[in-house]
Amino acid sequence: MMIGIYIAALVIGYLFGSIPFGLILTKIAGTQDLRSIGSGNIGATNVLRTGRKGLAAATLLLDALKGTAAVIVAAYLASGTDAIAANAAMLAALGAFLGHLFPVWLKFKGGKGVAVYIGVLIGLFWPAAVVFCIMWLATAFTSRYSSLSALVASFVTPIFLWWFGHDSLASLFAVLTLLLFWMHRENIKRLQAGTESKIGQKK
């Protein structure tokens with residue numbers, strides 16, 4: 001029974017996470033195909049390169065909320081003990097993150113996961129989401145690199161969770177952080193070479 005609940009939580013998370021809000025919103029707005037500009041990414045940073053700040057903000061919000069919704073729905077549906085609900089929520093978080101990175105509808109070519117990372121943090125332990133956002137903003141303000149901000153904030157998050165005794169969450173977000181770093185591998189190369197685009201800069 002528990003195995004079925006956990007599989008369902010993972011699938012629910014994946015389906016929520018695989019909704020490509022950036023692509024949907026830009027198509028509705030009639031902009032150029034998001035995948036043909038900038039980095040080709042479907043996330044908020046690339047939406048910003050269309051010059052539509054409102055669309056970028058909406059993409060960031062909706063991508064975050066789909067992660068939060070996945071966690072809440074899975075925990076609600078996992079009737080039983082608090083431990084079962086907590087495990088289901090974490091599996092939904094993993095599913096949502098993987099769904100955003102590798103959506104089946106887009107031939108498994110999705111976003112880099114930053115907004116969803118924040119969204120699942122909100123659903124699982126919101127103080128860590130606050131820490132993530134503070135670290136992101138501080139790094140973005142000083143460097144103007146969105147990618148570097150995400151890398152720094154995600155590196156700090158598992159440490160923060162572990163420090164406050166949330167070992168299971170720390171382990172989960174250590175995995176998510178590794179995935180996020182992998183998705184940013186080209187950004188890391190450009191950061192090292194000094195050729196990474198800054199926030200608001202069109203490629």
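Helix 4 passes helix 6 in a right-handed crossing, the near helix being turned clockwise from the far one by less than a right angle; helices here are DSSP runs of H or I with at least four residues, numbered from the N terminus. The model is a predicted one, in which local features need pLDDT of at least 70 and side-chain atom pairs count only at pLDDT 80 or more, while totals for chains, interfaces and linings use all residues. Residues are numbered from 1 along each chain as its sequence is written, and side-chain values use heavy atoms, with hydrogens and water left out.

The axes of helix 4 and helix 6 come within 7 Å and cross at roughly 40 degrees, the axes being lines fitted to C-alpha atoms over the stretch in contact, with angles from 0 to 180 degrees between N-to-C directions. Helix 4 is therefore oblique to helix 6 (under 35 degrees counts as roughly parallel, over 145 as roughly antiparallel, 65 to 115 as roughly perpendicular and the rest as oblique). Contact (heavy atoms within 4.5 Å) involves L60, D63, A64, K66, G67, T68 and V71 of helix 4 together with A115, V116, G119, V120, I122, G123 and L124 of helix 6.

Helix 4 (residues 53-77) also contains T59, which counts as buried because its relative accessibility is 0% (buried means under 20% relative accessible area, with a 1.4 Å probe and protein chains only). Beyond its neighbours within four places in sequence, T59 is in contact with F21, G22, L25, I42, G43, A44 and V47.

The axes of helix 6 (residues 114-143) and helix 8 (residues 167-183) come within 11 Å and cross at roughly 175 degrees, so helix 6 is roughly antiparallel to helix 8.

How values were computed: Helices (H or I, at least four residues) and strands (E, at least two) are DSSP runs, numbered from the N terminus. Buried means under 20% relative accessible area, exposed over 50%, partly exposed in between (1.4 Å probe, protein chains only).
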